[in-house]
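Please look over the sequence and the structure shown here before reading on. The paragraphs below then lead through them step by step.

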Amino acid sequence: MNPAIPPLTTLEAIQTWLRERVAGYVDIPFEEIRTDIRLVDYGMDSLAALTFSGEIEDEYGVELPATMAWDHPTIAAIAALLRQRLDEAAPAAS
């Protein structure tokens, strides 16, 4: 896990970060990116989706499946997966 990212990163903060990145990939204003729309419906292709997955891994320090964008096709679904992975990677509370 990336030590710069606190383990209690909120789902809302993750979704905002993801929306910002998706907006850049598909060249649509951030305000128009919704969490419940499939990435493919915004025009994100498979190469961009793989790059996006790698960017998420780099930022949050967790491993994601190469098929992440297809198995979890919306920002809401990706954020939930990422939050789960962050929870799994967090050290157990004493």
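This is a predicted model: local features need pLDDT of at least 70, side-chain atom pairs count only at pLDDT 80 or more; totals for chains, interfaces and linings use all residues.

Residues are numbered from 1 along each chain as its sequence is written, and side-chain values use heavy atoms, with hydrogens and water left out.

The chain has four helices and zero strands, and from the N terminus on its elements run α-α-α-α; here helices (H or I, at least four residues) and strands (E, at least two) are DSSP runs, numbered from the N terminus. Of the 94 residues of the chain, 34% count as buried, where buried means under 20% relative accessible area, exposed means over 50%, and partly exposed lies in between, with a 1.4 Å probe and protein chains only. Among the contacts in the chain with a separation of 6 or more, 58% are between residues 24 or more positions apart, a contact being heavy atoms within 4.5 Å.

Helix 1 has 16 residues and reaches 22 Å from its first C-alpha to its last, close to the 22 Å expected at 1.5 Å a residue; the expected span of a helix is 1.5 Å times one less than its number of residues. Its buried residues are Ile14, Gln15, Trp17, Leu18, Arg19, Val22, Ala23 and Val26, and the buried residues of helix 1 pack against helix 2 and helix 4. Helix 1 is followed by aspartate 27, which has a positive phi of about 55° although it is not a glycine. Aspartate 27 has its place in the loop between helix 1 and helix 2, and with a relative accessible area of 72% this residue is exposed.

How do helix 1 and helix 2 meet, and at what angle do they pack? The angle is about 145°, with their axes 11 Å apart, where axes are lines fitted to C-alpha atoms, for helices over the stretch in contact, and angles run from 0 to 180 degrees between N-to-C directions. Helix 1 passes helix 2 in a right-handed crossing; a crossing is left-handed if the near helix is turned anticlockwise from the far one by less than a right angle, and right-handed if clockwise. From helix 1, Ile14, Trp17, Leu18, Arg21, Val22 and Tyr25 meet Ala48, Thr51, Phe52, Glu55, Ile56, Glu59 and Tyr60 in helix 2. By class, this contact of helix 1 with helix 2 has nine nonpolar, one polar and three charged residues, with Ala, Val, Leu, Ile, Met, Phe, Trp, Tyr, Cys and Pro counted as nonpolar, Asp, Glu, Lys and Arg as charged, and the others, Gly among them, as polar.

Helix 4 takes up residues 75-89, and its 15 residues should span 21 Å at 1.5 Å a residue, which agrees with the 21 Å between its end C-alpha atoms. In helix 4, Ile75, Ile78, Ala79, Leu81, Leu82, Arg83 and Leu86 are buried, and what covers the buried residues of helix 4 includes helix 1 (11-26), helix 2 (46-60) and helix 3 (68-71).

Helix 1 and helix 4 pack at an angle of about 130°, with their axes 9 Å apart. That angle makes helix 1 oblique to helix 4, since angles under 35 degrees count as roughly parallel, over 145 as roughly antiparallel, 65 to 115 as roughly perpendicular and the rest as oblique. Their crossing is right-handed. The contact is made by Leu11, Ile14, Gln15, Leu18, Arg19 and Val22 of helix 1 and by Ile75, Ala76, Ile78, Ala79, Ala80, Leu82, Arg83 and Leu86 of helix 4, and its residues divide into 11 nonpolar, one polar and two charged.

Isoleucine 14 lies in helix 1 and, at 0% relative accessibility, counts as buried. Not counting residues up to four places away in sequence, isoleucine 14 touches Thr9, Tyr60, Ala79, Leu82, Arg83 and Leu86.

Threonine 9 is found in the segment before helix 1 and is buried, with a relative accessible area of 12%. Leaving aside its neighbours within four places in sequence, threonine 9 is in contact with Ile14, Tyr60 and Arg83.
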